[in-house]
Structure formats: structure tokens, C-alpha cells
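Thanks, everyone. I will go through some helix packing and then some charged pairs. Please have the structure open while I talk.

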Amino acid sequence: MITFFEASLAELSIHRIGNKAQDEFYVLSEASMHIQDELLKNLLIQYFLSPYEKVNEIFRFTHPNDDLKLNEVYHFVKQVFEDGGKFHENSVQLAKYLYDISNHPKIKAGELYVAYFENVQIEGELHDAIGIFKSETKETYLKVYPEQAGFKLSYEEEAININKLDKGCLIFNTENEEGYKVAVIDQTNRSAEAVYWKDEFLKLKVRNDNYNQTSNVMGVYKNFVTEKLDQEYDISKADKIDLLNKSMKYFKEKESFDMDEFSNEVIGNKEGIESFKNYKKSYEEEFDTPIADSFDISGAAVKKQAKVFKSVLKLDKNFHIYIHGNKELIEKGFDDDKSMNYYKVFFKEEE
């Protein structure tokens, strides 16, 4: 969890980054800013930091050659943390590097902000942090103000909405040998060309913490139930939903995950358990993402995954059956006279 009620903005550098593929250029500022206006400073802190209050997933810097020193952003940030006097010159290097990799025609030009914060809290600890942000989306704002006996209207084009941060990352000055703790925001582009921010510019990997472990094992189990089981067993959709409901109940009620306990309580079938463990192993090998057999469950990860665990049985376009409880109270059959499938549902009273 990230909070900023004690945070202060110590220094800020602003540059403009064009799209290299479109023959646009970059514009670099000559010096950093030490903002004295408290209202402006608070507005900037809100703009830069408030989106991170809802961020749970933490990343680390990495490099394909497994040598952190070859990660450009890590290198420039590390120099600033070691010597604050090098803040602006390294912000210039970050701007030049971002320009160099902005070579997809759909990448938007925009302002790059490099900020140095003090006392930003992450996971209960206060740290200095370097923020790298990019504003790409501009809006038009109306201004209404009194004049004589009435009001007057004006407008401002190409303005920035401080409630909509386009792209950003926060790098916390802790665990530098492992690649720091890094939180990321990317709100504007979801398509393939957008990977330049997280994958090409920052070069990040997910930190393998409880949040990530919980998300991964829930995601693997969901895919196992919805995709893999059909290949090995003749299983109904109602049975699939029941398996998903059992797993969600497990994660909501338990404080820690144990693979054998989970397998026995949720799957309860020797062949199914073996199949799931093999499926998990294949996932770990394919994505180079180990999942521990035991870890503390992250409530935030469970809450997020609950949104994609569907318990709805869709029957043609006529009916939806929501299955939340005992699967034994629903039976499937086939009506020979109508040549149609049916479900029989048992209940005590209507609500």
C-alpha cells in the first residue's frame, strides 16, 4: 500500500518528448525547479501520487542479461539516490533515453516530469522516491468568472487534467540491489505499442510477493478449471462453477495458502489434484514464474480476482442461473419429448 500524506516534493525537472518515428524532437529544460508555491506543490503531489493509492502490484527493475547495471533507468535513478546533486543531469539522460525508444508511430508526444519526493510511504515504511511521469492527453477547460453585473466565459486549450495521470512510475529508495521497489501507472494505451513504457523504457518484472503469488495461483487455477478440465474430463459448466466457488471460498476464509490443503479441500479428486499440480508446473516453466506451495494470502489480490471468477450459468438467451452455494441442489437432465437439456433447481423459499 502506498500513501503520501507525509510526502513532500523536493525537486522537479520538466522536458518535452516528441515521437522519434514522426521526426519530432525533444526539448530539454536547462535546470530543475524548486517549487515554493504551496498550493501548486500540493496540486502536483495530488496529480503525481494519488493514482498510486490503489496500486498493489510492485515491480523491480530487470534486464534481459540479468545485469541490473545495464538497465538504463535503474542506472540513472541510482546515481540520483547516491548523489542528489546529480538530479537534473540524470533527468536529462532519462528524457533522451525515453525519446530514443519512442519509435512507434502511435506513441504520443508529451511532457516528461522527473520528480524527487521525500517521505512517501510504501508497505508501512517511509522512503525517498523518484517519480517519472508523462502527460500525453490534453483537454480544454472553461473558465467562468464574475464581471460587472454578470459573468464572463473564457477557455484554456491544451490543459492537463490533474485527475488523469497518463503514465508514471514511482521508484522507492529501498532494496536497490534487488532492483528497487517500483510502482507503475499506464492509463492511456492498452494496445501492443503501449508496451514501450513498462517493457522497453523501464524494463520491469513483477516482484514475487504475496500479492503476486496469490494472483498467480488463483489465475492458474481459474484457467485450469475453465480450459484444461475440458480436455481431460467430461465436466459440466455447473461443476466448473462449483469448483471456482469452492476456490474463492478457500481464499476468502484462509489466511495462508497451502497447496496440499487447497487441493484436498477444493478439488478433492486424486486425478484432478495431480492434473492441477502438473498444470501449475507447466505455467511456472513457461512464464519463468515460480509459485510457492505455501504463502500468506493477499486480501487485495483476492478482491481483484473475485471480479473475474464468474458464477453464472448461461442457458441460451433465455436464462442465467447464479450458483453461489451447494451444487447438489441443481441437477442437469435431458427431456426426450422436447429434445432439450434442462436444469432442476431445489430451494425452500423464494426471496
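Predicted model: local features only at pLDDT ≥ 70, side-chain atom pairs only at ≥ 80, totals over all residues.

I start with α6 and α7, whose crossing is right-handed. Residues are numbered from 1 along each chain as its sequence is written, and side-chain values use heavy atoms, with hydrogens and water left out.

Helices and strands are DSSP runs numbered from the N terminus, where a helix is H or I with at least four residues and a strand is E with at least two.

Back to the pair. Helix α7 covers residues 259-267, and α6 packs against α7 at an angle of about 135° with the axes 9 Å apart. The axes are lines fitted to C-alpha atoms, for helices over the stretch in contact, and the angles run from 0 to 180 degrees between N-to-C directions. The two helices are therefore oblique to each other. On that scale, under 35 degrees is roughly parallel, over 145 roughly antiparallel, 65 to 115 roughly perpendicular, and the rest oblique.

Which residues make the contact? From α6 they are L243, K246, S247, Y250 and F251, and from α7 they are E261, F262, E265, V266 and I267. Contact means heavy atoms within 4.5 Å. By type, the residues of this contact divide into 6 nonpolar, 1 polar and 3 charged. Nonpolar means Ala, Val, Leu, Ile, Met, Phe, Trp, Tyr, Cys and Pro; charged means Asp, Glu, Lys and Arg; the others, Gly among them, are polar.

Next, α5. That helix spans residues 210-232, and the axes of α5 and α6 come within 10 Å and cross at roughly 170°. That makes α5 roughly antiparallel to α6, and the crossing is right-handed. On the α5 side the contact uses T214, V217, M218, Y221, K222, V225, T226, L229 and D230; on the α6 side, K240, L243, L244, S247, M248 and F251.

The next partner of α6 is α9, residues 299-306, at an angle of about 155° with the axes 10 Å apart. So α6 is roughly antiparallel to α9. Here α6 passes α9 in a left-handed crossing. M248, F251 and K252 of α6 meet V302, Q305 and A306 of α9, a set with 4 nonpolar, 1 polar and 1 charged.

Is S247 buried or exposed? S247 is buried, at a relative accessible area of 0%. Buried means under 20% relative accessible area, exposed over 50%, and partly exposed in between, with a 1.4 Å probe and protein chains only. Not counting residues up to four places away in sequence, S247 touches Y221, F262, V266 and F309.

S256 gives another case. This residue is in strand β11, residues 256-258, and is partly exposed with a relative accessible area of 36%. Beyond its neighbours within four places in sequence, S256 is in contact with Y250, E261, F295, D296 and I297.

Now the charged pairs. A salt bridge is a side-chain nitrogen of Lys or Arg within 4 Å of a carboxyl oxygen of Asp or Glu, and by this rule the count comes to 23 salt bridges. K167 and E136 form one of them, at 3.1 Å from N to O. The pair links distant parts of the chain, 31 residues apart: K167 is in strand β8 (residues 167-172), and E136 is in the loop between β5 (125-135) and β6 (139-147). Both K167 and E136 are buried.

K167 also meets D186 in a salt bridge, at 3.5 Å from N to O. D186 is in strand β9, residues 181-186, and lies 19 residues from K167. D186 counts as buried at 17% relative accessibility, and K167 is buried at 0%.

Last, R207 forms a salt bridge with D209, with the closest N and O atoms 2.7 Å apart. Both R207 and D209 are buried. They belong to a network of salt bridges that links R60, E123, E175, K181, R207 and D209.

Methods: Left-handed = near helix turned anticlockwise from the far one by under 90°.
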